[in-house]
Amino acid sequence: MVLFTPDDTAILLIDHQLGTMSWIGSADHDEVKANALALAKAAVALDMPLILTTSLEDHAQGPLLPELAEIAPKQFEERIQRTGVVDAMDDPAFAAAVKATDRPNLIIAGVTNDVCTVYPTLTALQQGYRVQVIADAGGSMTKPADDIALRRMEKAGAEIASTNMILTQLARSWSSPAGQRLLPIVGALIPTS
């Protein structure tokens, strides 16, 4: 496998909303949130395309994580607000935004791996993108549901990775410019106890 680089990759964060975060039962909410925010910080630090999307913000899903407005204000403002389309890649505005990045590689993290992540990943793979799913920047209602979703995506051709794995892959070397920008982001994810 050819490793992804900041120059050939875009990051897609799907439905990291206050309401949908509460639906995760397979993972720690704080860890999922920290990992999603770290991906956004990495995209900004490395000047990579970052596409944010939400579904039905005025319903139970709620607003997008407010920290994303501080981390990536332009992308937050330009987020694709879907009106219930489950597969984000079926939303014309989202699909157009992904295509406009002109990047062959996608890093995808959705708040729920068994709904928000699985379908756009399968669609992106069918469209010829190479995809790495960041499993720990999402979860599912149950652990079995999460395991099934990750297996389905991997079987379809997605690489399954963790936040730390993808950030260190993008850095390649801590002495590189990318490594220097990512070092504090990775460092903040290291448990203190």
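Two strands are said to pair if DSSP finds at least two bridges between them. Strands here (E, at least two residues) and helices (H or I, at least four) are DSSP runs, numbered from the N terminus.

Good morning. The model I am presenting is a predicted one, in which local features need pLDDT of at least 70, side-chain atom pairs count only at pLDDT 80 or more, and totals for chains, interfaces and linings use all residues. Residues are numbered from 1 along each chain as its sequence is written, and side-chain values use heavy atoms, with hydrogens and water left out.

Let me begin with the sheet. Strand β1, residues 9-14, is joined by four bridges to strand β2, residues 50-55, and the two run parallel. Within β2, the residue opposite I11 is L50. These strands belong to an open sheet of six, in the order β3-β2-β1-β4-β5-β6, with parallel pairing. At the edges stand β3 (80-82) and β6 (159-161); each has a single partner strand, so one side of each is left without a neighbour in the sheet. On average, neighbouring strands of the sheet are turned by 25° against each other, direction ignored.

Further along the sheet, β4 and β5 run parallel and are joined by four bridges. I107 has Q132 in β5 as its bridge partner. Is β5 mostly covered or mostly uncovered? Strand β5 is mostly covered, since four of its five residues are buried, where buried means under 20% relative accessible area, exposed means over 50%, and partly exposed lies in between (1.4 Å probe, protein chains only).

From E159 to I107 the separation is 52 residues in sequence and 9.5 Å in space, C-alpha to C-alpha.

I turn now to the helices. Helix α8, residues 163-171, lies across β4 (105-110), β5 (130-134) and β6, and runs at about 130° to β5. Axes are lines fitted to C-alpha atoms, for helices over the stretch in contact, and angles run from 0 to 180 degrees between N-to-C directions. The buried residues of α8 are T163, I166, L167, Q169, L170 and A171. Their cover includes α2, β4, β5, β6 and α9 (177-189), contact meaning heavy atoms within 4.5 Å. Just after α8, R172 takes a positive phi of about 65°.

Two packed helices are described by the angle between their axes and the distance between the axes. The axes of α2, residues 29-45, and α8 come within 10 Å and cross at roughly 15°. That makes α2 roughly parallel to α8; angles under 35 degrees count as roughly parallel, over 145 as roughly antiparallel, 65 to 115 as roughly perpendicular and the rest as oblique. Here N35, A38, L39 and A42 of α2 meet T163, I166 and L167 of α8. This contact has five nonpolar, two polar and no charged residues. Nonpolar covers Ala, Val, Leu, Ile, Met, Phe, Trp, Tyr, Cys and Pro; charged covers Asp, Glu, Lys and Arg; the others, Gly among them, are polar.

Finally, α2 also packs with α9, at an angle of about 175° and with the axes 9 Å apart. That makes α2 roughly antiparallel to α9. On the α2 side the contact is made by A34, N35, A38, K41, A42 and A45, and on the α9 side by R181, L182, I185 and L189. By class, the residues of this contact divide into seven nonpolar, one polar and two charged. Thank you.
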